[in-house]
Structures are given as C-alpha cells and as structure tokens.
Amino acid sequence: MPTRNQIRQLVRTKRQSLSKIEQQQFSNDLLAQLTERADVKAAKNIAIYLANDSEIDAMPFIQWCWQQKKSIYLPVIHPFSPGHLLFLHYEENSDMRANTYGILEPKLDIRLIQKISEIDIIFTPLVAFDQTGNRLGMGGGFYDRTLSSWYTQYCLDNEGKNIHERKITKPYPIGLAHDIQLIDEIPSQLWDIPLPEIVTPTKQYKFDIHK
Ligand SMILES: Nc1ncnc2c1ncn2[C@@H]1O[C@H](COP(=O)(O)OP(=O)(O)OP(=O)(O)O)[C@@H](O)[C@H]1O
Ligand SMILES: [Mg+2]
C-alpha cells in the first residue's frame, strides 16, 4: 500500500492536471449539488476555504451564500496555539493576508472570530478520500484537531442509531473534493477524523463513520 505522502503526491499531481475549463465546470457543478441540500439552505453560519493547489473552487458557492445572507467563515492559522485553526468572518471586502503556506486568510481581528460551536457546517478541503470516509489532508492535522470534539459528540449522539436516523451534530463537517480524489484505501491513523459526507461535482457520498 502506498504511504500517506505518496498518496498526497499522486493525487495532487492528478488534481493539478485538471484544465481551467474543467475546474470552472466542476466548480459550477459543485454549486448545484450544494444548493439543493436542505441542511445548506437552513445553515446560517458556514465555514469553508479558499481553493489552493487546484482544490475544488467553492467561490461560486460562497457568492451564493452571501446573496442568501449567510455568514461565511474562513480558517486562520492560530497565532500561538500550534496546529489549531480559528474561523474568521469573511466578506467580499475583507482584509486578507497570506499565511505561512501562502494561502490567503482574513487578517486576524479578534472581533471577527466565530465560536466553532456556532458554526452550522464546516466544509473541509482534502487531498484524498476513500469509500469509508477516511480523509487525508495536506498533513498539518488542522482539521483533525478542529473536528475531534465534534466526532466524540457525534458518536455519542448516534449510539445505536442507523445511518438514516443520524442526528446532525454541530459543526457538521462535509468534505469537498474533485471526483478524481477518491482512492481505494487511505491508511488512517488514530488521530484522523473521518467525514460523514463528501460532496463532489457528480456525487454526494454518505459514510457510516460511527466508532
Ligand atoms: N487531535 C490531535 N492531537 C494532537 N496531534 C494531532 C491531532 N490530530 C493530528 N495531529 C498531528 O498532526 C499531524 C498531521 O496529521 P495528518 O497527517 O493526519 O494531517 P492531515 O489530516 O492530512 O491534515 P489536515 O487536517 O491539516 O488537512 C500528525 O503528525 C498528528 O500527530
Ligand atoms: Mg489527518
């Protein structure tokens, strides 16, 4: 089985080979998939990301959210708690700066920080996923840390329930990815938090991730 880093390299290369036209098409298809979801329509506070390294671009969806008067939050690397993220309010005219990875984030201002427990849905970026909901990110463990208490609560809330009667625990994480990011199997580690759902331009995956 390839190592986690080999998978990251392979999938990133595949993703980088998508053309600009394909990226635009997929981005619009993603918008269509997301806007038909009842939980998205009902959500008030949505955390998402700005596409980097050929990730699927959710900008058309972000614009739709603004039109619907939803509040959008972006991850900001915590200034003194290593490996942790803060989520800051993001508007069309927000002051932005590049973080250490070169990714744009809202300029840190404590008045713009949203509590994780107030976020309805966190759309997470990812490098690769498999058929059981395992997620492989860029390797910082940022989303694993962000979602670890959510996962404990989700498992408690859904003890003994089948997949169709699952309770939605906030902040509900949904992965966003290109279809080509699906791989056979991700060797997962103890700290990895699986995702209950992943949306691609063509499909909405639901996974049974109960411990
Ligand atoms: N809850 C946690 N507590 C402490 N360390 C953690 C936790 N989650 C992840 N880590 C650490 O983070 C490092 C990177 O994790 P991993 O390789 O799973 O990143 P990733 O899931 O690909 O990245 P990301 O979540 O940022 O997209 C690991 O070395 C791991 O020890
Ligand atoms: Mg991980």
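## The sheet

Eight strands make up an open sheet with mixed pairing, ordered β6-β3-β2-β1-β7-β10-β11-β12. Strands here are DSSP E runs of at least two residues, helices are H or I runs of at least four, both numbered from the N terminus, and two strands pair if DSSP finds at least two bridges between them. At the edges sit β6 (113-114) and β12 (204-206), each with a single partner strand, so one side of each has no neighbour in the sheet.

This is a predicted model, where local features need pLDDT of at least 70 and side-chain atom pairs 80 or more, while totals for chains, interfaces and linings use all residues. Residues count from 1 along each chain as written, chains are lettered from A and ligands numbered from 1 in written order, and side-chain values use heavy atoms, without hydrogens or water.

D144 belongs to helix α5 (residues 142-157), while D192 comes from the loop between β10 (172-176) and β11 (197-199), 48 residues apart. Both D144 and D192 are buried (under 20% relative accessible area; exposed is over 50%, partly exposed in between, with a 1.4 Å probe and protein chains only).

Most residues other than glycine have a negative phi, and most peptide bonds are trans. K69, in the loop between α4 and β2, has a positive phi of about 65° and is exposed.

The K170 to P171 peptide bond is cis, with omega near -5°.
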